[in-house]
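Please look over the sequence and the structure shown below before reading on.

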Amino acid sequence: MLRKQGVYAIIVIIALFMALHLAFAPEAHEPRTTGTTMLGGIAFLLMTTSMILSTRARFLEDLFGGLDRMYQVHKVTGTMSLIFVLIHFFGVPKELPAGVDEIANALVPSAPMGMIALIVLVLSLAITLNRKISYSRWRPMHKLMGLVYFLVIGHFMTAPAIFYERFSTSGILIFVAAIIGAGSFLYSVFGMNRKTALPYKLAAINAHERAKELVLAPMGAKMSFTPGQFAFVEVAGKDWNEPHPFTISSAPDEDNLRFTIKVLGDWTRKVREELEAGGEVKVRGPYGRFDMSKGGNKQIWLAGGIGITPFLSTIRNMKDDDERDIHLVYATREEKEALFLDELLDHAKRLKGLKIIPLFSDEGNFARVDIMEEKLPDALPGYDYFLCGPKAMTGPISKDLKAKGVGRKQIHMEAFEFR
Ligand SMILES: Cc1cc2nc3c(=O)[nH]c(=O)nc-3n(C[C@H](O)[C@H](O)[C@H](O)COP(=O)(O)OP(=O)(O)OC[C@H]3O[C@@H](n4cnc5c(N)ncnc54)[C@H](O)[C@@H]3O)c2cc1C
């Protein structure tokens, strides 16, 4: 669930900028200039927010409620910045006011830089929002946003003072934001994963139905995590491209880390077909706030397919005397796709509060609220819900649960995608 603190922080900073901009507007500025440059400044602060969120800094997870929420906000602030940029572009006076030296103005590239930034921003956002582009192609193209950002900095730093006072009170705030935003971009593109990732050895690869389990032995410090969290996995070697996020499916007290990976696209197919034990893997994390210990005594866990992984880690970690009343609804297309079902049923024998409800759609048992309702002893609003699986499944279920009286705060979801 999105935490509001982060959103409030963004609103407060933008409101502060607006107040400073309006209160200390240079006298020479006409109201139209003051208003449209303010919109340009808001666009820049929204872009800066996107840059900061893309660092994946862990303290930000507390403000926004997890990395998946941070990426949602990153997308919203990026898209909103385009709206403000467009209003700024069409609204800002194009004719130079009297007193501005035309030759000096022609020599500084402010307007062309702003124009190029706008074109690249429109193109980059069109690419970013196009879900048909595969992630590995999309990622390098998305870095174009960095170019937009630096062009915008150039645009306002070289703007004639009649349009933008660089060292006015609001100008200094924008200047500080530019330093933080540029630093965030450089950090996320050039340093992030290498510096903070932990090295692991790929000790074993276990085959499962349409999935592989990677068993990673620590080469140095072991990652500590809470069940339900995920980490970015990067396989050493130039053919393996970028790190990918996977939920840790082992329990925190195990010696090794385990990830269960289902084939979904190019990278995961390569894992299934080409990855061999023995090599080095870098793991960065943990991330995420999908924590079943935060729920009440009566919980429903809904796993759709590979969405079982956060629950696997949690159940493997549960002590025999766990008193909670938990129903794990495990929905797959067919029985053989229900990974680790036997192990889960064994855990249900040792944990008296845990009940496993497998739903196989080929037998007519779909992950739907009315079907779940039939199989649960109590009324739906009496439980806390943790949903993990494809959005096409968790979205409608969450909507139906709310329609049946389940509160928004009772529903926790983990999305297995950031875009
Ligand atoms: C928080 C989280 C936890 C996950 N846990 C698991 C798990 O336990 N087991 C499992 O099998 N899968 C898990 N996934 C999904 C897994 O990350 C994708 O299936 C995998 O990255 C797909 O890569 P691909 O190149 O094979 O497929 P593609 O077709 O390239 O990607 C499919 C989708 O996966 C996402 N994705 C792909 N690459 C990345 C990346 N480098 N970084 C971020 N997102 C990416 C994008 O949303 C993309 O649209 C998880 C995803 C997230 C976000």
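How do the residues of the lining of the largest cavity divide into nonpolar, polar and charged?

## The largest cavity

In this predicted model, the lining of the largest cavity is made up of 15 nonpolar, nine polar and five charged residues. The volume of this largest cavity is about 650 Å³, and of the 29 residues that line it, S54, Y71, H74, W138 and H142 are the closest to its centre. The count of cavities of 30 Å³ or more comes to three.

## Domains of the chain

The domain assignment divides the protein chain into domain 1 (4-190), domain 2 (195-287) and domain 3 (292-414). When the centres are taken over C-alpha atoms, those of domain 1 and domain 3 are separated by 42 Å.

## The antiparallel sheet

Six strands make up an open sheet with antiparallel pairing, and their order across the sheet is β4-β3-β6-β1-β2-β5. The strands at the edges are β4 (244-247) and β5 (257-262), each of which pairs on one side only, and from one strand to the next the twist averages 40°.

Within this sheet, strand β1 (residues 198-208) pairs with strand β6 (residues 280-287) in the antiparallel sense, and four bridges join the two.

## The parallel sheet

A further open sheet contains five strands in the order β9-β8-β7-β10-β11, and here the pairing is parallel. Because β9 and β11 (411-414) stand at the edges and have a single partner strand each, one side of each is left without a neighbour in the sheet. Neighbouring strands of this sheet are turned against each other by 15° on average, direction ignored.

Strand β7 (residues 298-304) and strand β10 (residues 384-388) pair in the parallel sense over five bridges, and the partner of I300 in β10 is Y385. Helix α12 (residues 309-317) lies across β7, β8, β9 and β10, and it runs at about 135° to β7.

The largest pocket has a volume of about 1500 Å³, and it is lined by 48 residues, of which K262, L264, I306, F416 and E417 lie nearest its centre. Both helices and strands contribute to this lining, as at least two residues come from each of α7 (135-142), β4, β5, α11 (266-274), β8 (325-332), β9 (354-360) and α15 (391-403). Sorted by class, the lining of the largest pocket holds 18 nonpolar, 16 polar and 14 charged residues.

The second largest pocket has a volume of about 670 Å³, and among the 32 residues that line it, H88, V92, S110, A111 and H155 are the closest to its centre. The elements that give two or more residues to this lining are α2 (31-53), α4 (67-91), α6 (110-128) and α8 (144-157), and the largest share, eight residues, comes from α6. By class, the lining of the second largest pocket has 23 nonpolar residues, eight polar residues and one charged residue.

Note on methods: Residues are numbered from 1 along each chain as its sequence is written. This is a predicted model: local features need pLDDT of at least 70, side-chain atom pairs count only at pLDDT 80 or more; totals for chains, interfaces and linings use all residues. Side-chain values use heavy atoms; hydrogens and water are left out. Domain bounds come from an automatic or database domain assignment. Two strands pair if DSSP finds at least two bridges between them. Axes are lines fitted to C-alpha atoms, for helices over the stretch in contact, and angles run from 0 to 180 degrees between N-to-C directions. On a 1 Å grid over the protein atoms alone, a cavity is a set of points where a 1.4 Å probe fits but cannot get out, and a pocket is an open set with protein on both sides within 12 Å along at least five of seven lines; lining residues have an atom within 4 Å of a point. Grid points are joined across faces, edges and corners, and a volume is the space filled by probe spheres set on the points. Ala, Val, Leu, Ile, Met, Phe, Trp, Tyr, Cys and Pro count as nonpolar, Asp, Glu, Lys and Arg as charged, and the others, Gly among them, as polar. Contact means heavy atoms within 4.5 Å.
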